Amino acid sequence: MSAQALAGALADERRRAVFGAIVLGAGDLPAVVSRTGLSARDAATAVRRLTDVGVLTDDGAGLRVDGERLRDFARAGGPPAPAPAADPRETILRTFLRDGTLTRLPAQRGRRRVLLEHITERSFEPGVRYPERAVDDALRRWCEGGEADHVTLRRYLIDDLLLTRDHGVYWRP
């Protein structure tokens, strides 16, 4: 992280509000939205930007300020060694999945495809034929407690050719 990147990340008022909310204990996106009054989209964008520059981390236990990186930056009087590049696929999965539950479906097609592939790989074996009820049961588990529903999820899997359907029988090609 360079001084310029750090300054740029915190120059935006929304990102500063998100940073402050996380410093004060907001550990996930709904808590950040609640504390800042920002829209979910603005808060998610700010979290993504702050994570990209290394100010925040999401270690599975929730969002937190990466104090170690900030201390390294302060001690060195300049940028510490760059953080390892995050796998974009993992970043997408961390953003839209919490404890194995789909929080919401991404609006952006590319991100949605990454998420759908993940769900398909973990829910259905290639070539095995599933009745519609079994498909619905598998997809309901992903949607419990989130904003997405299993019917919409099933439709996206069909539309993206991740599942094939014929007379109420589904399979992963």
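Me: How many aromatic pairs does a search of the whole structure find?
Reply: This is a predicted model, where local features need pLDDT of at least 70, side-chain atom pairs count only at pLDDT 80 or more, and totals for chains, interfaces and linings use all residues. Residues are numbered from 1 along each chain as its sequence is written, and side-chain values use heavy atoms, without hydrogens and water. Rings of Phe, Tyr and Trp (its six-membered ring) pair if their centres lie within 6.5 Å. For aromatic pairs, the search of the whole structure gives a count of one.

Me: Is the pair of phenylalanine 124 and tyrosine 130 stacked or edge-to-face?
Reply: Planes under 30 degrees apart count as stacked, over 60 as edge-to-face and the rest as tilted. The ring centres of phenylalanine 124 and tyrosine 130 are 5.2 Å apart. Their planes stand at 75°, so the pair is edge-to-face.

Me: Is phenylalanine 124 buried or exposed?
Reply: Look at the relative accessible area: under 20% is buried, over 50% is exposed, and in between is partly exposed (1.4 Å probe, protein chains only). Phenylalanine 124 has 2%. Therefore phenylalanine 124 is buried.

Me: Which residues touch the most other members of the largest nonpolar core?
Reply: A nonpolar core is a set of buried Ala, Val, Leu, Ile, Met, Phe, Trp, Tyr and Cys residues joined through side-chain atoms within 4.5 Å. The largest one has 24 residues. Those that touch the most other members are Leu102, Leu115, Phe124 and Leu153.

Me: Which helix gives the most to this core?
Reply: Helices (H or I, at least four residues) and strands (E, at least two) are DSSP runs, numbered from the N terminus. At least two residues of this core come from each of α6, α7 (109-123), α8 (132-143) and α9 (150-159). With five residues, the one that gives the most is α8.

Me: Where is aspartate 99 found?
Reply: Aspartate 99 has a phi near 50°, a positive value in a residue other than glycine. At 80% relative accessibility, aspartate 99 counts as exposed. Aspartate 99 is found in the loop between β3 (97-98) and β4 (101-102).

Me: What value is phi of leucine 161 near?
Reply: Leucine 161 has its place in the loop between α9 and β6 (164-166). Its relative accessible area is 66%, so leucine 161 is exposed. Leucine 161 is a residue other than glycine, yet its phi is positive, near 60°.

Me: What distance separates the C-alpha atoms of arginine 69 and glycine 54?
Reply: Arginine 69 has its place in helix α5 (residues 67-76). Arginine 69 counts as buried because its relative accessibility is 11%. Along the chain, arginine 69 and glycine 54 are 15 residues apart.

Me: What is the distance in space from leucine 29 to arginine 41, C-alpha to C-alpha?
Reply: Leucine 29 is found in helix α3. The relative accessible area of leucine 29 is 15%, so this residue is buried. Leucine 29 and arginine 41 are twelve residues apart in sequence. C-alpha to C-alpha, the distance in space between leucine 29 and arginine 41 is 9.7 Å.

Me: What distance separates the C-alpha atoms of glycine 146 and leucine 97?
Reply: The loop between α8 and α9 is the place of glycine 146. Glycine 146 has 27% relative accessibility, so it counts as partly exposed. Glycine 146 and leucine 97 are 49 residues apart along the chain. The separation of their C-alpha atoms is 9.2 Å.
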